[in-house]
Every structure is written in C-alpha cells, then in structure tokens.
Amino acid sequence: MARILLVKTSSLGDVVHNLPVVSDVLAHMPGASIDWVVEQSFSAIPQLHAGVAQVIPVAIRRWRRSPLSGQTRGECCNFLQRIRHQAYDAIIDTQGLLKSALVTCVARGVKHGLDWKSSREPLRLFYDRTYAVPWGQHAVTRNRSLAAQALGYAVISPADYGIGCPTKGFPWLPGGRYAVLLHATSADAKLWSESLWAELSKYLFLNNIVCVLPWGNAVERDRSERLAAAMQQAIVPPALALHDAARLIAGAHTVVGVDTGLTHLAAALGVPTVGVYGATDPAATGIHAGPHAVNLGGIGAPPSVQDVIAALERLMPV
C-alpha cells in the first residue's frame, strides 16, 4: 500500500483547492493511504474527505507569535515526532512556500515540489524532485498537475472535491429555504457594496428565501448586523466553528460570496454558488467546481445586482 503525505497548510481557499488531489490519487492508486498536513484552524476541511486517512495539524501561524514560549516548543516537538513517525513513499508540497517546504523537509520520504520557475519562492533545495507547473492555470489545476507528475499519472477527469457534510439544522435557523451570503473577506478591496447586498436580499425575499449572514470576527459581525437591519428577512447567526459553517453552507439553497475561502467551500460542497469578484482575477483563483458554480466580475469590475440575480436564476434549483 502506497503512503502519501500532502502538505497544504493554508489558507482556507487554498486548502479547498487541494481536495481534488486526494480524489485523483485514489482514482489512480486505489488503496493508497493519504495523510495531510494542514494548519490547525483549517483541519476540518481535509476531514470532510473520506479518502484522507490522517489529518496532521500544524500551528505555524500561532507559533510565529511566540516562537520561544514553552507551549510553542512543546507543540513543535510533538508535531515533529508525529510527522516523522511514519515513512512515506511520496511527500508532495503543493503549497510552494518556505513554511510548507520546511514541513516537507522534516518528513521522511521522497520529497516532491515545484521547480524554481513554478513557485513564488526558490525552494529547489528542499525537494528530491521538482516539476514544472505553468503559471496562469487555476490553482486547482496546478495542484492536480503537480501531484500527477509526482506520482506518474495523467489528469483527464474534471475536478472531484470528494467531500460531503451533514446538513443537520440549527436551533436559530427556521425551516425552509435559505441563502448564505458570504459578504466578509480579509481585504476591503474584495468587499461588495452593502447597498448591493441589500438590493439582492429583495430578490431573495420575493422568492421566499431567508438570508443568512455568517461572520468571523467583531468587524464582520457588525457588518452582518447592519446588512440584516437593511433586509426584510435575514438572520445573523452566532459565531460558528469551521465545521458548523460547513454544515450551514451544505444545507443552503444557494450561496453568494465574495473572494473568500468559504465561497470556495460552498462550491466544493456542490451548492449552487455565485462568486462575486472586484479586486482579484477569478481565472486564477475563482471558484472552480463545474456548472453549479459561476464567477462574476473581475479586477476593477464588480458585478451588478442584476448580474448576480441572472446567475442565480440559472443555477438555483426550483
């Protein structure tokens, strides 16, 4: 049985984009055992794929804040013991950053990564074998291409994220159809105007669809509350852990989201999803999940409400 270690630690969207690699490997190497190193805060995502045998959490982001503390030293030692316990036939770093290369370096096995022209940082010395993966391709395609070259198979099928999530209800969520509106993102330039979200809610209200406005921090919560106050039928949920956010999204009638990791997760879960872009290029990092997902807008050209409504009418189930 082949043992494979995938190294893709962050961010949320990047982790989602790596899920098809698991499906590809198992399709071409049935019976392979696949482990995955991921940032602790995103560990719920690889756990959604039944093909991942073991999720190995790492906390590089948190460790950087207090590198010399006793807690950090202890956690680092525990991580090193865990990752070195198992020898792997192949270790594949699809992240292509120094932090992931260092993780790859300490694991035991043949190390595979991007060549110097294909990664953002010169990491050739950290790997046993490197491969060319052209820039300009979508992140999902780049991940799949690297793994395929490392393991010796061809990528011929559409991306299969291979994940599912229970849709058990929440006590604060009424029955009936709801849309998850993912208005929050880490960069203000990626936001969609609050007035446009309010206008979109009118269309959803007329179609008897409740708006749900999740949030991740105090600033986002305030924005959710402002938006809900301007909408006729909207809910601001309590703080949600990532696995609960996945459950909420999985049960949605539709999702509309800006360029943020949860929007990519919605598309990966098979929910009809509209991605709203105004500061980034969706050709490189947009939602990438077949006919039930669509990207609108682009750098300096956010979509209108009518653009989003037209997309929803094409995507939403009756």
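Let me start with one pair. Val-212 stands opposite Ile-235 in strand β9. Val-212 belongs to strand β8, residues 210-212, which runs parallel to β9 and is joined to it by two bridges. Strands here are DSSP E runs of at least two residues, helices are H or I runs of at least four, and both are numbered from the N terminus. Two strands pair if DSSP finds at least two bridges between them.

A word on the source. This is a predicted model, where local features need pLDDT of at least 70 and side-chain atom pairs count only at pLDDT 80 or more, while totals for chains, interfaces and linings use all residues. Residues are numbered from 1 along each chain as its sequence is written, and side-chain values use heavy atoms, leaving out hydrogens and water.

Now the sheet around that pair. Six strands form an open sheet with parallel pairing, in the order β9-β8-β7-β10-β11-β12. Its edge strands are β9, residues 234-235, and β12, residues 293-297, each pairing on one side only.

Two helices pack on this sheet. Helix α9, residues 261-268, touches β7, β10, β11 and β12. Contact means heavy atoms within 4.5 Å. The direction of α9 makes about 155 degrees with that of β11. Angles run from 0 to 180 degrees between N-to-C directions, and axes are lines fitted to C-alpha atoms, for helices over the stretch in contact. Helix α11, residues 305-315, touches β10, β11 and β12. Its direction makes about 170 degrees with that of β12.

Look at β7, residues 178-182. How many of its residues are buried? Five of the five, so β7 is mostly covered. Buried means under 20% relative accessible area, exposed means over 50%, and partly exposed lies in between, with a 1.4 Å probe and protein chains only. Both faces of β7 are covered. Tyr-178, Val-180 and Leu-182 are on one side; Ala-179 and Leu-181 are on the other. In a regular strand the side chains alternate between the two faces of the sheet. β7 pairs with β8 in the parallel sense, over three bridges. Ala-179 has Cys-211 in β8 as its bridge partner.

Asn-208 sits in the loop between α6, residues 194-206, and β8. Its phi is near 60 degrees, a positive value in a residue other than glycine. Most residues other than glycine have a negative phi, and most peptide bonds are trans. Is Asn-208 buried or exposed? Asn-208 is exposed, with a relative accessible area of 55%.

On to the other sheet. This open sheet has six strands too, with parallel pairing, in the order β3-β2-β1-β4-β5-β6. β3 and β6, residues 129-131, stand at the edges. Each has a single partner strand, so one side of each is left without a neighbour in the sheet. Neighbouring strands of this sheet are turned by 20 degrees against each other on average, direction ignored.

What packs on this sheet? Helix α4 does, touching β1, β2, β4 and β5, and its direction makes about 170 degrees with that of β4. Helix α5, residues 139-151, touches β1, β4, β5 and β6. The direction of α5 makes about 145 degrees with that of β4.

Stay with α4, residues 98-106. Its buried residues are Lys-99, Ser-100, Ala-101, Val-103 and Thr-104. These pack against several elements, including β1, β2, α2 (60-65) and α3 (70-85).

Next, the strands β1 and β2. Five bridges join β1, residues 3-7, to β2, and the two run parallel. Arg-3 has Ser-33 in β2 as its bridge partner. Leu-5 stands opposite Asp-35 in β2. Why call β2 enclosed? Seven of the seven residues of β2, residues 33-39, are buried, so the strand is largely enclosed by the rest of the structure.

Ala-53 is exposed, with a relative accessible area of 54%. Leaving aside neighbours within four places in sequence, Ala-53 is in contact with Ser-33, Ile-34 and Asp-35. Ala-53 and Arg-144 are 91 residues apart in sequence, and 19 Å apart in space, C-alpha to C-alpha.

Last item: a peptide bond. Ser-10 and Ser-11 are joined by a cis peptide bond, with omega about -5 degrees. Ser-11 is in the loop between β1 and α1, residues 12-28.
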